[in-house]
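The exercises that follow concern how two protein chains meet and how one of them is built.

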Amino acid sequence: MGNIVQASYIVSAILFIMGLKMLSSPVTARRGNLLAGLGMILAILFTFLIPGMKHQLLMIMVIAVGTVIGWVSAKKVPLTDMPQMVALFNGMGGGAAAVISYLELSRGEVVSGLRLLAISGGLIGSISFSGSIGAFMKLQGLMKDRPITYPLQQPFHALLLLLTLVFGYLVLIQSAPSPHAALNIVTLFFAFPLLLGYFFTLPIGGADMPVIIALFNALTGLAVGFDGFAIGNQAMMVSGTIVGASGSFLTYLMAKAMNRSIQNVLFGAFGKVREQGVAKDMKPRDVEDAAIMIGFARKVIVVPGYGLAVAQAQHKLREFMNVLEDKGVEVKFAIHPVAGRMPGHMNVLLAEANIPYDKLHDLEEINSEFQTTDVALIVGANDVVNPAAETETTSPIYGMPILKAYQSKNVLVIKRGRGKGFAGIENDLFFMDQTYMLFGDAQDMLGKLVQALKKI
Amino acid sequence: MSEIWVALYIFMLSGFTGFEVVSRVPVILHTPLMSGTNFIHGIVLVGAMVVMGRAETTTELVIGALGVLLGALNVVGGFAVTDRMLEMFKKGK
């Protein structure tokens with residue numbers, strides 16, 4: 001490989017690392033991404049200069065097609081659907097890593113040490129590919145986002161893993177004496193991790209998806225790193241390994257923010273749900289009554305959740321805030337670390353609606369304020385305000401930090417129906433004496449509240 | 001022999017760098033940062049280009065082109081998604 005290509009790879013690695021560092025602060029984050037983008041363009045352009053590269057014209061055309069599709073789909077999708085787009089594009093990367101391994105292995109020239117790396121890269125890349133597609137389908141609503149379980153599920157996964165490893169070993173020892181036989185074993189080998197990734201994602205519930213996507217992201221990074229070592233490409237070695245490490249750490253941080261252990265997420269505890277009988281019933285309330293309750297309050301704390309994101313109600317929420325502030329009501333927003341579908345997702349959505357940053361408060365800041373709050377308005381949030389996390393030791397969410405909305409004098413809940421949250425458990429908050437329900441779509445209901453408030 | 005050791009050093013140092021750059025990230029940036037790392041492993045495109053550039057048969061060429069397509073989607077989609085998320089952080093105070 002030419003020296004000039006190597007030099008460009010070093011520069012791009014530096015740009016990636018600096019870009020990632022800048023991505024860790026809100027002030028520099030966007031420039032960080034642009035810097036990494038510069039590194040990427042550099043690495044791609046100089047790769048064309050590698051001596052003996054064939055099919056360059058076709059390559060440019062394929063890249064152009066991918067660029068147009070990737071750009072248009074990423075720009076057109078609403079912000080609420082961002083998590084599944086991350087999953088989808090991550091899957092593409094895993095697939096590309098699998099393709100590299102597949103071609104290297106079926107060519108059969110690779111020496112055994114590097115062959116092991118190519119096998120590992122292919123295995124991990126395939127799992128990440130099909131698993132990410134599964135996660136995308138769940139979040140996009142193409143598949144039920146509740147955990148899908150069936151008898152002997154874990155043994156079935158174990159069998160798939162075993163077959164993957166057995167065939168991986170066969171590929172390793174078969175250093176291609178006859179090219180056709182080798183090709184077949186290689187093809188068979190790839191079938192098993194592809195199946196494994198998909199089936200592995202099925203029993204994982206919607207609430208745990210961010211952690212799983214983060215995990216698949218780390219896995220793709222690792223696969224890219226392994227493939228880099230296998231084909232001797234320094235840019236891939238360095239960047240892939242960095243993403244593998246930082247992605248693993250992010251997975252851990254996200255699981256911690258949700259108070260879930262990685263093990264719990266992977267081997268499903270949310271699937272098994274205890275039914276509990278609650279004698280009381282939810283108390284619906286008219287929009288007009290609710291508007292009076294809010295309009296004459298001194299202090300209102302809004303707790304937005306995934307229901308707000310689904311209903312695209314962030315702009316209506318801003319309007320709601322403006323009307324209340326005109327009336328001299330103090331409005332604050334309580335953002336749970338995992339509100340929305342991913343950590344930080346809710347901040348992005350509210351920022352899109354121009355709700356000022358200094359009104360958004362995180363858990364530690366706001367929890368002491370609920371006691372002095374007249375109305376806590378829950379908009380499409382559920383598990384993050386469930387007091388069971390503090391009191392019920394048997395609850396699957398026990399120990400998760402929650403917003404203490406139950407301490408406020410009145411609680412209003414905008415909710416689509418009587419269903420349960422992602423964790424699939426009842427929420428005692430909805431049955432408490434000071435709690436009233438506003439059943440309906442978040443956007444629609446906030447609109448009605450704004451109208452009613454203007455008449456007061 | 002020495003090449004293996006160099007490779008191990010690259011692996012170790014890159015790993016530590018990865019941990020280090022994300023070690024003090026606020027919760028609100030978890031998702032954008034994950035999206036950013038998702039973009040960076042799009043470097044896999046470079047590898048896909050290398051194997052496609054070596055293709056001898058039509059089958060290899062087609063599979064290689066598929067790899068390049070997937071890699072390009074990862075790069076461009078990953079970048080655009082991250083940029084859209086971060087666009088939101090410039091407003092407000």
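**Exercise 1: The interface**

Chain A and chain B bury about 7,900 Å² between them, with 77% of that area on carbon and sulfur atoms; this holds for a predicted model.

Task: Determine how many residues of chain A and of chain B are in contact, and which helix of chain A gives the most to the side that touches chain B.

Solution. Step one is to count the residues: 94 of chain A are in contact with 76 of chain B. Step two turns to the polar part, where 16 residue pairs, both at pLDDT 80 or more, are in polar contact between the two chains. In step three the helices are assigned, and α1, α2, α3, α4, α8, α9 and α14 of chain A each supply at least two residues to the side that touches chain B. Among them, α4(A) gives the most, with 16 residues. By class, this side of chain A holds 61 nonpolar, 24 polar and 9 charged residues.

Task: State how many salt bridges join chain A and chain B, and examine the pair B:Glu60 and A:Arg107.

Solution. The count between the chains is 5 salt bridges; in one of them the side chains of B:Glu60 and A:Arg107 meet at 4.0 Å, N to O.

**Exercise 2: The fold of chain B**

Task: Describe the helices, strands and dimensions of chain B.

Solution. Chain B has 4 helices and 0 strands, in the order α-α-α-α along the sequence. Its C-alpha trace spans about 55 × 35 × 15 Å along the principal axes, and its radius of gyration is 18 Å, whereas a compact globule of 93 residues would have one near 12 Å. Finally, 61% of the 93 residues of chain B count as buried.

Definitions and conventions:
Residues numbered from 1 in each chain as written. Chains lettered and ligands numbered in written order. Predicted model: local features only at pLDDT ≥ 70, side-chain atom pairs only at ≥ 80, totals over all residues. Heavy atoms only, no water. Contact = heavy atoms within 4.5 Å. Buried area = accessible area lost by both parts, 1.4 Å probe. Polar contact = N/O pair within 3.5 Å; in protein donor to acceptor, adjacent residues only side chain to side chain. Nonpolar A, V, L, I, M, F, W, Y, C, P; charged D, E, K, R; others polar. Rg over C-alpha atoms; globule rule 2.2 N^0.38 Å. Buried < 20%, exposed > 50% of the residue type's maximum accessible area, 1.4 Å probe, protein only.
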